[in-house]
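Trainee: I'm new to this one, and I'd like to know where the labels come from. Could you take me through them?

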Amino acid sequence: MEKKDKDKISLKATRSILMIAFVGYHMMGAKIFQILETDVHEELKNSTLEAKAALMKNYANITPEELEIFLQKLTFSVQKGINPVGNGSRIISWDFKNSFFFVESTLYTIGYGTLVPRSPSGQIFCVFYAFLGIPLTIIFLNFVSRAISRPFTRFGKHLQNKGIKERKIKIYTLLFFLVMGLLIFILLPPLIFINMEGWNYKEGLYFAFITLSTIGFGDYVVGVNPTKKYPLIYQLIIILWCVTGLTWIALLFDLFTKILENTERKLTLIPSKMLSQKESLLSMKSSLHFWSSLDDQMKSTSQHSSEK
């Protein structure tokens, strides 16, 4: 077996191990968060619904102090992911699906904030889990970036075989990378969100960019509406879109950064070049002045000797 074949087998084995470790780490974290947070979340949900029921019974005679206490409880509950509308059926629970979604948003550093660990044990576990998981995610996304860049590399080689100049190849490859990425990860996904989430196109477009850029405000989140039943294929598409989209936009931002750095470097070199040219002109003038004065002196000396 040749060395190249061994390297290919080794690379495939490394990718498989990384994929298994990455998925396993997600599933382990989702299950642990589900165990740690379910009881605490249920207690908070029940206390919120009880406070709401007590308000409904005594709303005619409620005092300003009691109303203030209720509003504080309500604000706290909403901040912890409890939606008090209805009879509790619209409250996001820590089931495995939502726990997995929380793990994904944590490891990708999106951090929507719609579902957060409330128990002390869950919060401590989240610190160590993210501390180990984020580097693993970076390594995994690095492998994904190689897979994403492969078609664009082939596109560049195809243009090269046609005899196109290197500068034009870079421009065409960049345009292909930009247009395809915008189409697949930014412009088309909102059409899916319109059907599955009930948003309009602008909201879907806004969510797509805010998510993939890891800003993650949390005002729009997919797959967490308790009143909707999401098919498994939709959830898998969201995961795949998130992984590949994050990689694409990271490559795009890195490319823009390099372009700006090169531009800054060129702009910095312009004054130094102008200064160098100015110095060379001054040097030439000084040299010309020296030789001119030397020539005058020689002429003067010659005239003086001839007079004698």
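Mentor: Let's go label by label, keeping in mind that this is a predicted model.

Trainee: What makes up the secondary structure of the chain?

Mentor: It comes to eight helices and zero strands. Read along the sequence, the pattern is α-α-α-α-α-α-α-α.

Trainee: Why are α5 and α6 called roughly parallel?

Mentor: Check the angle. The axes of α5 (residues 166-187) and α6 (residues 189-197) cross at roughly 15 degrees and come within 6 Å. Angles under 35 degrees count as roughly parallel, so α5 and α6 get that label.

Trainee: Which residues meet where α5 touches α7?

Mentor: From α5 you have Phe185, Ile186 and Leu187, and from α7 Tyr201, Leu205, Ala208, Phe209 and Leu212. By class, that contact has eight nonpolar, no polar and no charged residues.

Trainee: Which residues of α5 and α6 meet?

Mentor: Leu183, Ile184, Phe185, Ile186 and Leu187 in α5 meet Pro189, Pro190 and Leu191 in α6. The residues of this contact, too, divide into eight nonpolar, no polar and no charged.

Trainee: Which residues have the most contacts inside the largest nonpolar core?

Mentor: Phe193 and Trp241, in a core of 46 residues. Among the elements that give two or more residues to this core are α1 (3-57), α4 (120-161) and α8 (232-307).

Trainee: What does Phe193 touch, not counting residues up to four places away in sequence?

Mentor: Gly198, Trp199, Gly204, Phe207, Val222, Tyr234, Ile238 and Trp241.

Trainee: How do you know that Phe193 and Trp241 form an aromatic pair, and what makes it edge-to-face?

Mentor: Two values settle that. The rings lie 5.8 Å centre to centre, with 75 degrees between the planes. Pairing needs centres within 6.5 Å, and edge-to-face needs planes over 60 degrees apart, so the pair passes on both counts. Phe193 sits in helix α6 and Trp241 in helix α8, 48 residues apart. Phe193 is buried, and so is Trp241.

Trainee: What makes the pair of Tyr206 and Tyr220 edge-to-face?

Mentor: Here the planes are 80 degrees apart, and the centres are 5.8 Å apart. Tyr206 lies in helix α7 and Tyr220 in the loop between α7 and α8, so the pair ties together parts 14 residues apart in sequence.

Trainee: Why does Tyr206 count as partly exposed?

Mentor: Its relative accessibility is 32%. Buried means under 20% and exposed means over 50%, so Tyr206 counts as partly exposed. Tyr220, at 24%, counts as partly exposed as well.

Trainee: Is Gln34 buried or partly exposed?

Mentor: At 18% relative accessibility, Gln34 counts as buried, because the cut-off is under 20%. Gln34 lies in helix α1. Leaving aside its neighbours within four places in sequence, Gln34 is in contact with Trp94, Asp95, Phe96 and Ser99.

Trainee: Which residues do ring pairs link into a cluster?

Mentor: Tyr25, Phe33, Trp94, Phe102, Phe125 and Tyr129.

Trainee: And how much of the chain counts as buried?

Mentor: Of its 308 residues, 31% count as buried.

Key: Residues numbered from 1 in each chain as written. Predicted model: local features only at pLDDT ≥ 70, side-chain atom pairs only at ≥ 80, totals over all residues. Heavy atoms only, no water. Axes fitted to C-alpha atoms, helices over the stretch in contact; angles between N-to-C directions. Helix = DSSP H or I, 4+ residues; strand = E, 2+ residues; numbered from the N terminus. Parallel < 35°, antiparallel > 145°, perpendicular 65-115°, else oblique. Contact = heavy atoms within 4.5 Å. Nonpolar A, V, L, I, M, F, W, Y, C, P; charged D, E, K, R; others polar. Core = buried A, V, L, I, M, F, W, Y, C linked by side-chain atoms within 4.5 Å. Buried < 20%, exposed > 50% of the residue type's maximum accessible area, 1.4 Å probe, protein only. Phe/Tyr/Trp six-rings, centres within 6.5 Å; stacked < 30°, edge-to-face > 60°.
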